[in-house]
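Hi there,

Here is the structure I promised to pass on. Please open it alongside this message, and I'll walk you through what turned up.

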Amino acid sequence: MSKQTYDVIVAGGGPAGIAAAVASARLGAETLLVERYGFLGGAGTAMMVNPWMSYWAAGGSNVQLIFGVLQELIERMTAMGMYGHPKQKTAFDPEALKVAAEQLCLEAGVKLLYHSFLGEAVMDEAGSRIERVRFANKAGLVDFRASVYVDTTGDADLAGLAGAIVEKGRAVDSLSQPMTLNFRMANVDMDRLPTRQDITEKYIEAKRRGDIDCPRENVLWFYANQPGVVHFNTTRVVRKDATNPWELTEAEIEGRRQVQQLVAFLKAEVPGFEEAYLQTTAPQIGVRESRRVVGEYMLTAEELLASCRFEDVIARGAYPVDIHNPDGEGTILQYLPEGEWYDIPFRSLVPKKIDNLLVGGRPISATHEAHSAIRVQPIAMAIGQAAGTAAALCATGGVLPRELDVRLVQEALTRQGAVLGFSDAAAETAAAE
């Protein structure tokens with residue numbers, strides 16, 4: 001029988017989960033990473049969200065903010081010839097991400113368990129501590145125990161099941177940002193490809209005629225790594241709750257309906273797509289927002305846009321406030337000043353009520369507006385690496401996350417290649433150790 005008890009259990013093998021598990025295992029904690037699919041990558045593979053958004057300071061700066069596990073994945077995919085495009089420098093091949101992420105985990109000593117769906121968090125009598133987690137897989141219902149758990153499900157599933165305080169969507173009506181089913185067209189004549197604006201104008205006209213029924217206001221597409229392949233992030237499914245299985249099912253169906261309309265439109269009306277075909281849709285619809293955990297500190301958009309700095313910084317980012325209208329057309333974008341960035345505090349990873357749980361990735365404690373900036377994969381990965389680092393320190397040191405000296409987390413992250421700016425002297429000392 002396989003091992004049932006670990007120091008750290010990481011639930012969810014997306015960008016944040018990969019980084020969390022690798023960081024935890026490298027610090028000597030026995031770490032189990034459980035994933036519902038048969039591969040890692042989450043948003044980058046199962047949802048096929050591509051390319052990675054900027055991991056540099058704002059305004060086209062060449063100051064890189066995020067390193068660590070993100071940088072290791074970039075280097076591995078680059079060595080495979082599957083990272084970057086002359087016109088899209090952060091485009092990556094999802095198949096390469098699956099392999100690179102798996103290699104990092106295995107080399108770090110992470111125990112992987114695929115095809116296992118989180119179903120229950122069994123709590124102690126006080127309801128403040130997770131005693132064990134239950135997954136459903138081919139063996140039936142399987143229980144695992146850990147000293148510390150890391151929720152990197154993207155939807156705060158573990159936190160929700162454990163009874164943590166959570167929020168959903170915007171304050172006015174609890175609607176979350178819309179979902180998007182990503183898809184790719186192959187055999188495109190790239191030499192005849194119109195500008196983005198030209199394609200959008202044709203799209204708006206097709207909507208006016210009633211040929212397309214999609215709430216998005218424009219066509220969003222990117223270059224892929226493969227010749228003749230164009231990646232589309234254009235469908236928009238509104239007013240659906242990604243934590244409700246019935247509504248999530250409806251969203252998948254609606255996403256595929258919109259894809260078929262868009263494929264027909266592209267082939268019929270956009271130069272270069274006449275002989276193109278639908279190469280693939282993502283295995284699952286892309287979810288921008290669902291649950292958010294209420295933690296020891298609630299991060300706001302005002303703080304991000306003011307380039308906030310925190311003593312307990314564990315990650316940095318500069319992606320703008322980017323709110324896709326939860327109820328229809330329109331997207332709000334608010335950028336940081338050129339060359340700036342914001343800090344993400346450790347306190348936002350520590351949920352209220354639950355003692356032995358940390359949150360990694362997009363569902364950390366932040367408002368709807370702030371969440372729209374920190375939800376992207378590179379930032380989620382940086383947050384996940386911090387959560388995994390803290391979990392290992394807690395598990396091996398016998399302390400609770402809210403009692404942990406954050407300087408230990410910062411120093412460990414610095415040794416792992418992160419650049420936090422929490423203290424130049426401390427950073428130099430940690431790097432030299």
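Below are some notes on confidence, helix packing, a few loops and some individual residues.

First, a word on confidence. This is a predicted model. The protein chain has a mean pLDDT of 96, with 97% of its residues at 70 or more. The stretch to treat with care is residues 423-433, where pLDDT stays under 50. For that stretch the model has 9 contacts beyond four places in sequence.

Now to the helices, starting with α1. This helix covers residues 15-26, and it packs against α3 (residues 94-108) at an angle of about 20 degrees, the axes being 8 Å apart. Since angles under 35 degrees count as roughly parallel, α1 is roughly parallel to α3. Their crossing is left-handed. On the α1 side the contact involves Ile 18, Val 22, Ala 25 and Arg 26, and on the α3 side Ala 101, Leu 104, Cys 105 and Ala 108. Sorted by class, this contact has 7 nonpolar residues, 1 charged residue and no polar ones.

Is Ala 108 buried or exposed? Its relative accessibility is 16%, so Ala 108 counts as buried. Leaving out residues up to four places away in sequence, Ala 108 touches Val 22, Ala 25 and Arg 26. Arg 316 sits 208 residues from Ala 108 along the chain, and the C-alpha atoms of the two are separated by 24 Å.

Helix α1 also packs against α9 (residues 377-397), here at an angle of about 30 degrees with the axes 7 Å apart. The pair α1 and α9 are therefore roughly parallel to each other. The crossing of α1 and α9 is right-handed. From α1 the contact uses Pro 15, Ala 16, Ala 19, Ala 20, Ala 23 and Ser 24. From α9 come Gln 377, Ala 380, Met 381, Gly 384, Gln 385, Gly 388, Thr 389 and Ala 392. By class, the contact of α1 with α9 holds 8 nonpolar and 6 polar residues, and no charged ones.

Back to α3, which also meets α2. How do α2 and α3 cross? Their axes come within 9 Å, at roughly 125 degrees. That angle makes α2 oblique to α3. The crossing of α2 past α3 is right-handed. In α2, the residues that meet α3 are Val 69, Glu 72, Leu 73, Arg 76 and Met 77. Their partners in α3 are Ala 96, Leu 97, Ala 100, Ala 101, Gln 103, Leu 104 and Glu 107. The contact of α2 with α3 divides into 8 nonpolar residues, 1 polar and 3 charged.

The loop between α2 (68-79) and α3 contains Gly 81. Its relative accessibility is 64%, so Gly 81 counts as exposed. Gly 81 and Asn 225 are 144 residues apart in sequence, yet their C-alpha atoms are 9.0 Å apart in space.

- Asn 50 and Pro 51 are joined by a cis peptide bond, with omega at about 0 degrees. Pro 51 belongs to the loop between β2 (31-34) and α2.
- Ala 156 is not a glycine, but has a positive phi of about 55 degrees. You will find Ala 156 in the loop between β6 (140-151) and α4 (157-162). With a relative accessible area of 0%, Ala 156 is buried.
- Arg 239, also not a glycine, has a positive phi of about 60 degrees. Arg 239 lies in the loop between β10 (230-232) and α6 (245-269).

Finally, have a look at Asn 218, in the loop between α5 (196-209) and β9 (221-223). At 24% relative accessibility, Asn 218 counts as partly exposed. Apart from neighbours within four places in sequence, Asn 218 is in contact with Thr 200, Tyr 203 and Thr 234. Gly 330 lies 112 residues from Asn 218 in sequence and 9.0 Å from it in space, C-alpha to C-alpha.

Conventions
Residues numbered from 1 in each chain as written. Predicted model: local features only at pLDDT ≥ 70, side-chain atom pairs only at ≥ 80, totals over all residues. Heavy atoms only, no water. Axes fitted to C-alpha atoms, helices over the stretch in contact; angles between N-to-C directions. Helix = DSSP H or I, 4+ residues; strand = E, 2+ residues; numbered from the N terminus. Parallel < 35°, antiparallel > 145°, perpendicular 65-115°, else oblique. Left-handed = near helix turned anticlockwise from the far one by under 90°. Contact = heavy atoms within 4.5 Å. Nonpolar A, V, L, I, M, F, W, Y, C, P; charged D, E, K, R; others polar. Buried < 20%, exposed > 50% of the residue type's maximum accessible area, 1.4 Å probe, protein only. pLDDT = per-residue confidence, 0-100.
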